[in-house]
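Here is a walk through one protein model, written for someone who likes cut-offs spelled out. Have the viewer open while you read.

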Amino acid sequence: MQEKLIDRLPAPEIAGVVIPWFTPRDRPGPDRLSETAGLVEALGCELGFIRPDHVREVNSSFLLSGGLLDRMATDIAETNATLAVIDASLTPVQQRNLEKRLGVKVIDRTGLILEIFGLRARTKEGRLQVELARLLYERSRLVRTWTHLERQRGGGGFLSGPGESQLEADRRMLDDKILRLRRDLEEVKRTRAVQRAGRRRSGKPVVALVGYTNAGKSTLFNRLTGADVFAKDMPFATLDPTIRRLDLPTLGEAALIDTVGFITDLPTHLIDSFQATLEESLQADLLIHVRDRASASDMEQADDVMQVLERLESESGLPLPPIIEAWNKMDALSPERAESLAALAAITEDPPAAAVSALSGEGIDTLLALIEKSLLRGRTEISVRLGTADGKARAWLHQHGEVTAEAQLEDGGTDVSVRLSAERLGQFRTEFPALAAIISIA
């Protein structure tokens, strides 16, 4: 009798992780250990071991000094690890030397995050951005990796010039691929600009969620919009930006954007590659900075988010929109701590904040009211008298502004009170010059 064959899934890789630290100031705490462990889990690996190591003297060939390197080799052998993760930045030479010394594949922090992004990208745009980031990373690591091939020469005899070295050929090949990807992403950028212009013409405000990875952005996004975006308690659970309808209590329909999460030491290649996506945040009317107030590293994470936003502001030339904060994960705090933070959020003004739990729905009404108040803060309330022939202007005001009052007059005309942004007010004056002269500012 033939034995039944059972399909077996390949065993997951076992990762051994070391987090080097060099001064007492950068010694990793429990949150950093948990974050790195989460990154390894997000890659689909089992964790063999993870520990911080104090590097007193940097070894230019391995980064880690001799004793630390011996200890890591022993731990890798004892846990049967097939992958070594150095949660720091490695040079190409250090990575290659570590792989020879440890006998397993070695990746640094940037490589780890790039691998996760490669798994998480679902849309064509996401895959393009991840591929560009990977190629930029690879190109930066060509230097000094192929130096043994630099002496190739073309032709015969000592008068022949040098031929194309392997390093030059690889660099040229990567440059060609990078150029093609940049062109494809320029098309994406143009498409996004057209979509943004359409949203602006509709008069609907645009609100974007930003925050540290795993702060609960996608859970809050689902809570606010009723969407079903994948949300899981792990870093970079979602990667591709998503836009859904958000219904506000009095302003009506708005657009809500969920963006990729930020992280400490976010690789430069990722910021460069995802600039088209991240710029969606800068083009919004309002940013909601989602913070994990249950995290011991909340303040440091908030600083990391603001550093990325300020870099985007500097490189794109676009000003940062107004920002409010959603203090998330109140459900993970003690009742006393949650009550204290809610009271603090109510009086915080720079930036304004609301204490919420995206998981339970606590504080969502307060957040929606804060969103409306912040969107209206930049608007001007005007009054204008419309005649019977001004039906087009009345329809325009209803479409692009927030009409707060209408009074019918005996002659058939209408007094209209409406809130408009400065941009919309300028458009109204341009499109209806006859009415511009009789506008009164409330």
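## Aromatic pairs

Searching the whole structure turns up three aromatic pairs. Rings of Phe, Tyr and Trp (its six-membered ring) pair if their centres lie within 6.5 Å; planes under 30 degrees apart count as stacked, over 60 as edge-to-face and the rest as tilted. Take Trp396 and Phe432: with ring centres 6.3 Å apart and planes at 75°, the pair is edge-to-face. Trp396 sits in helix α13 (residues 391-400) and Phe432 in the loop between α14 (422-431) and α15 (433-436), so the pair ties together parts that are 36 residues apart in sequence. Helices (H or I, at least four residues) and strands (E, at least two) are DSSP runs, numbered from the N terminus.

Phe428 and Phe432 make a tilted aromatic pair, 5.1 Å centre to centre with 40° between the planes. Trp396, Phe428 and Phe432 belong to one aromatic cluster. Is Trp396 buried or exposed? Trp396 is buried, at a relative accessible area of 8%, and Phe432 counts as buried at 12%. Buried means under 20% relative accessible area, exposed over 50%, partly exposed in between (1.4 Å probe, protein chains only).

## Ground rules

This is a predicted model, in which local features need pLDDT of at least 70 and side-chain atom pairs count only at pLDDT 80 or more, while totals for chains, interfaces and linings use all residues. Residues are numbered from 1 along each chain as its sequence is written, and side-chain values use heavy atoms, with hydrogens and water left out.

## The sheet next to that cluster's helices

Four strands form an open sheet in the order β12-β13-β11-β14, with antiparallel pairing. Two strands pair if DSSP finds at least two bridges between them. At the edges are β12 (402-408) and β14 (440-441), each pairing on one side only. Eight bridges hold β11 (residues 379-386) and β13 (residues 414-421) in the antiparallel sense; Arg385, for one, has Asp415 in β13 as its bridge partner.

Helix α13 packs on this sheet, touching β11, β12 and β13, and its direction makes about 40° with that of β13. Helix α14 packs on the sheet too, touching β11, β13 and β14, at about 135° to β13. Axes are lines fitted to C-alpha atoms, for helices over the stretch in contact, and angles run from 0 to 180 degrees between N-to-C directions.

## A parallel sheet

Another open sheet has four strands in the order β2-β1-β3-β4, with parallel pairing. Why is one side of β2 and of β4 left without a neighbour in the sheet? β2 (46-54) and β4 (105-108) stand at the edges with a single partner strand each, so one side of each has no neighbour there. Neighbouring strands of this sheet are turned by 20° against each other on average, direction ignored.

β3 (residues 83-86) and β4 pair in the parallel sense over four bridges, and Ala84 has Val106 in β4 as its bridge partner. Helix α2 (residues 66-79) packs on the sheet, touching β1 (14-21), β2 and β3, and its direction makes about 165° with that of β2. Helix α4 packs on the sheet as well, touching β3 and β4, at about 95° to β4.

## Nonpolar cores

A nonpolar core is a set of buried Ala, Val, Leu, Ile, Met, Phe, Trp, Tyr and Cys residues joined through side-chain atoms within 4.5 Å. The largest has 41 residues, of which Leu83, Val85, Leu112, Phe262, Leu266, Leu270 and Leu287 touch the most other members. Helix α4 (residues 109-120) gives the most to this core, with five residues. Apart from it lies another core, of 26 residues, among them Ala215, Ala326, Val356 and Leu368.

## Strand β7 and its partners

Five of the seven residues of β7 (residues 252-258) are buried, so the strand is largely enclosed by the rest of the structure. Four bridges join β5 (residues 206-211) to β7 in parallel, with Val206 partnered by Ala255. β6 (residues 242-248) runs antiparallel to β7 over seven bridges, and β6 and β7 form a hairpin with three residues between them.

## Glu279

Glu279 lies in helix α9 (residues 275-282) and is buried, with a relative accessible area of 8%. Leaving aside neighbours within four places in sequence, Glu279 is in contact (heavy atoms within 4.5 Å) with Lys189, Ser316 and Leu318.
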